[in-house]
Amino acid sequence: MLTLTRKWNSINTFLLVLVFYSGYGQQDTVDVTNRFSIVGYVSAGGGIYTSRIITPPESQANLSRFSPVTSFRLMWHPDHRLRLGLETGWLHFYSYKFNAADGDGGRVSLTGVPLLVVWSMQFWERLNIFFGLGGYYLTSHVYYYGNTKSSALSLGWSLSGSYVIPVNTRIGLGIEGKWLQCEETSDAVFSLQLQLVYKFFSW
């Protein structure tokens with residue numbers, strides 16, 4: 001409980017820093033004729049599961065920590081540094097195959113769908129920092145004498161940084177490194193993703 005309290009205190013401190021920093025002027029790239037915009041982010045890449053995987057004893061489990069990760073984010077860009085939006089996506093945390101004592105084999109996997117409120121800030125012209133807070137809808141599958149599926153909702157967060165190169169006034173291409181963390185279940189993934197940024201409209 002003490003460790004979890006310290007983590008949430010660190011998250012609150014991070015948000016306060018974002019709010020404090022957002023007060024220092026406007027970014028140089030803001031078009032004064034279009035002070036507000038709605039921007040979409042689509043990302044896809046690979047991730048590695050960084051937490052410990054507990055397998056059945058004497059199961060001769062074959063672990064797989066590498067898996068695909070996708071993200072979909074919609075952000076409101078106002079006339080100052082701090083931005084707000086929503087994020088979802090899909091990620092495969094891990095899977096492993098095992099051999100039971102009776103000689104039959106099976107497979108276990110864990111997937112998740114993030115449901116996050118996201119804050120972001122542009123620190124330099126092309127470098128952006130994102131912080132998401134919310135939950136993960138987790139689904140575990142056990143393939144052993146049939147298919148057993150169970151689901152749960154876990155509180156969690158994400159922290160990422162992206163570098164985006166503009167193609168034109170509406171489209172940008174970039175790369176994003178992201179840490180995704182489920183607090184209640186202690187599941188975590190670090191991913192690298194290619195990113196497409198598209199400005200839907202401005203006013």
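Trainee: Which residue in E8 does Ser158 stand opposite?
Mentor: This is a predicted model, in which local features need pLDDT of at least 70 and side-chain atom pairs count only at pLDDT 80 or more, while totals for chains, interfaces and linings use all residues. Residues are numbered from 1 along each chain as its sequence is written, and side-chain values use heavy atoms, with hydrogens and water left out. Strands here are DSSP runs of at least two residues, numbered from the N terminus, and the residue of E8 that stands opposite Ser158 is Leu180.

Trainee: How many bridges join E7 to E8?
Mentor: Two strands pair if DSSP finds at least two bridges between them. E7 and E8 form a hairpin with 4 residues between them, and they run antiparallel, the number of bridges that join them being 11.

Trainee: Which residue in the turn between E6 and E7 has a positive phi?
Mentor: Strand E6 (residues 127-143) pairs with strand E7 (residues 147-166) in the antiparallel sense over 17 bridges, and within this pairing Tyr137 has Leu153 of E7 as its bridge partner. E6 and E7 form a hairpin with 3 residues between them, and the turn residue with a positive phi, of about 55°, is Tyr145.

Trainee: What is the N to O distance in the salt bridge of Arg73 and Glu87?
Mentor: A salt bridge requires a side-chain nitrogen of Lys or Arg within 4 Å of a carboxyl oxygen of Asp or Glu, and a search of the whole structure finds 4 of them. For the side chains of Arg73 and Glu87, the N to O distance is 2.9 Å.

Trainee: How many residues apart in sequence are the parts that Glu176 and Arg73 tie together?
Mentor: Glu176 also forms a salt bridge with Arg73, and their closest N and O atoms are 3.2 Å apart. Because Glu176 lies in strand E8 (residues 171-182) and Arg73 in strand E3, the parts that this pair ties together are apart in sequence by 103 residues.

Trainee: Is Glu176 buried or exposed?
Mentor: The classes rest on relative accessible area, with buried meaning under 20%, exposed over 50% and partly exposed in between, for a 1.4 Å probe and protein chains only. Arg73 has a relative accessible area of 4% and is buried. Glu176 has 0% relative accessibility, and so this residue counts as buried.

Trainee: Which residues do salt bridges that share partners join into one network?
Mentor: Glu176 forms a salt bridge with Lys178 as well, with the closest N and O atoms 3.6 Å apart. Through shared partners, the salt bridges join into one network the residues Arg73, Glu87, Glu176 and Lys178.

Trainee: How far from the ring centre of Phe130 is the charged end of Arg73?
Mentor: A charge sits over a ring if NZ of Lys or CZ of Arg is within 6 Å of the ring centre and within 35 degrees of the ring normal. Arg73 lies over the face of Tyr41, at 5.4 Å from the ring centre, and its charged end sits over the ring of Phe130, where the distance from the centre is 3.9 Å.

Trainee: How many aromatic pairs does the structure hold, and is the pair of Tyr49 and Tyr94 stacked or tilted?
Mentor: Rings of Phe, Tyr and Trp (its six-membered ring) pair if their centres lie within 6.5 Å, and planes under 30 degrees apart count as stacked, over 60 as edge-to-face and the rest as tilted. The structure holds 12 aromatic pairs. The rings of Tyr49 and Tyr94 have their centres 4.9 Å apart and their planes at 55°, so this pair is tilted.
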